[in-house]
Amino acid sequence: MYIATVKNKEFVNGQIVVTVEFSDGTTTVTETCKPQNKDGFTVWLRSRLDAFNSAQTLDSELAV
């Protein structure tokens, strides 16, 4: 299961830029988000976590 950790936040050209690290303990992915508000950030974060965890579940279910 992936977890998210906020690694950095900065104010650039009038926008907040948040850098988040997603990790399952083996694989780590870093992405950035430019949320307009806290709710937008929460929706984006949940969406990304759902996508990573769904892909991981599908990978374990598919036989090659």
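**View 1. Thr 19 sits in strand E2.** This is a predicted model, in which local features need pLDDT of at least 70, side-chain atom pairs count only at pLDDT 80 or more, and totals for chains, interfaces and linings use all residues. Residues are numbered from 1 along each chain as its sequence is written, and side-chain values use heavy atoms, with hydrogens and water left out. Strands here are DSSP runs of E with at least two residues, helices are runs of H or I with at least four, and both are numbered from the N terminus. Thr 19 counts as buried because its relative accessible area is 16%; buried means under 20%, exposed over 50%, and partly exposed in between, with a 1.4 Å probe and protein chains only. Setting aside residues up to four places away in sequence, Thr 19 touches Thr 5, Val 6, Lys 7 and Asn 8, plus Thr 30, Glu 31 and Thr 32. Contact means heavy atoms within 4.5 Å.

**View 2. Here's the largest nonpolar core, with 9 residues.** A nonpolar core is a set of buried Ala, Val, Leu, Ile, Met, Phe, Trp, Tyr and Cys residues joined through side-chain atoms within 4.5 Å. The members in this case are Tyr 2, Val 18, Val 20, Phe 22, Cys 33, Phe 41, Trp 44, Leu 49 and Phe 52. Two elements give two or more residues each: strand E2 (15–23) and helix H1 (38–61). H1 supplies the largest share, 4 residues. As a bit of background, nonpolar side chains in soluble globular proteins tend to be buried together.

**View 3. Zooming in on Phe 22, a member of that core.**

**View 4. Phe 52 belongs to helix H1.** Is Phe 52 buried or exposed? It counts as buried, because its relative accessibility is 13%. Not counting residues up to four places away in sequence, Phe 52 touches Tyr 2, Phe 22, Val 29 and Glu 31.

**View 5. Gly 40 is another residue of helix H1.** With a relative accessible area of 31%, Gly 40 is partly exposed. Gly 40 and Leu 62 are 22 residues apart along the chain, and their C-alpha atoms are separated by 33 Å.

**View 6. Val 12 has its place in strand E1.** Val 12 is partly exposed, at 33% relative accessibility. Between Val 12 and Lys 34 there are 9.7 Å from C-alpha to C-alpha, with the two 22 residues apart along the chain.

**View 7. Asn 13 is in the loop between strand E1 (3–12) and E2.** Look at the backbone here: phi of Asn 13 is near 50°, a positive value in a residue other than glycine. Most residues other than glycine have a negative phi. Asn 13 is also exposed, with a relative accessible area of 78%.

**View 8. Thr 26 is in the loop between E2 and strand E3 (28–33).** At 72% relative accessibility, Thr 26 counts as exposed. Thr 26 and Gln 15 are 11 residues apart in sequence, but 32 Å apart in space, C-alpha to C-alpha.

**View 9. Stepping back, the protein chain has 1 helix and 3 strands.** Read along the sequence, they follow the pattern β-β-β-α. The C-alpha trace spans about 50 × 20 × 15 Å along its principal axes. Buried residues make up 23% of the 64 residues. Among contacts between residues at least 6 apart in sequence, 21% join residues at least 24 apart. There are 6 positive and 8 negative side chains, and the centres of the two sets lie 11 Å apart. For that count, Lys and Arg are positive and Asp and Glu negative, with His and the chain ends not counted; each charge is placed at NZ of Lys, CZ of Arg, CG of Asp or CD of Glu.
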